[in-house]
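Open the model in your viewer and keep the selection tool ready.

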Amino acid sequence: MIIDLDTLFPQRKSLTDIVSYASDAFAAVDSKVFASLPADVQCGDVVEASGALYTSGNVAYVVVSDFVKAGSNKPVNVLRAPNVGSYVALKSDNLNAANHEAAISALQAQGFATREFFTS
């Protein structure tokens, strides 16, 4: 039997895998408490206001927390939209959403700049 080390030690993304540039990295991150987080989330996931992976809608949050287990009243670090924080450029190919193209469109509508940029 061969052991897959990626299964034992999953490679998780970090802020630098998601953000290529932020005019103020401190002001770009905000903490959002989800009343009921339906599934585990990790850095790079794009979620809706409910905390579920993004499928559609005007609001999309980019998770920058390392890993957060599902449950009630879970705080999750997310990127603050540029219209209320700092300018942020995202590496769009490193984002994870149920509907990737719609998520990118929603993020662009919120003021995020997106570029294809492979690092992981």
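Buried means under 20% relative accessible area, exposed over 50% and partly exposed in between, with a 1.4 Å probe and protein chains only. This is a predicted model: local features need pLDDT of at least 70, side-chain atom pairs count only at pLDDT 80 or more, and totals for chains, interfaces and linings use all residues. Residues are numbered from 1 along each chain as its sequence is written, and side-chain values use heavy atoms, with hydrogens and water left out.

**Stop one.** Select Ser65. It sits in the loop between strand 5 (61-62) and strand 6 (67-68). Helices (H or I, at least four residues) and strands (E, at least two) are DSSP runs, numbered from the N terminus. Is Ser65 buried or exposed? Ser65 is buried, because its relative accessible area is 10%. Now show its side chain, which reaches the backbone nitrogen of Asn77 at 2.7 Å. Beyond residues up to four places away in sequence, Ser65 touches Gln42, Cys43, Val76 and Asn77. Contact means heavy atoms within 4.5 Å.

**Stop two.** Select helix 3, residues 100-109. Colour Ala103, Ile104, Ala106 and Leu107, which are buried. They lie on the same side of helix 3, because they cover an arc of only 165° around the axis. That arc is taken from the directions from the helix axis to the C-beta atoms. Their cover includes strand 4 (46-47), strand 5, strand 8 (88-91) and strand 9 (113-115). Turn to the face away from the buried side: Glu101 and Ala109 are exposed there. Just after helix 3, pick Gly111, with a positive phi of about 110°.

**Stop three.** Select Ala27, in the loop between strand 1 (19-22) and strand 2 (29-37). Leaving aside neighbours within four places in sequence, Ala27 contacts Arg80, Gly85 and Ser86.

Terms used:
Polar contact = N/O pair within 3.5 Å; in protein donor to acceptor, adjacent residues only side chain to side chain.
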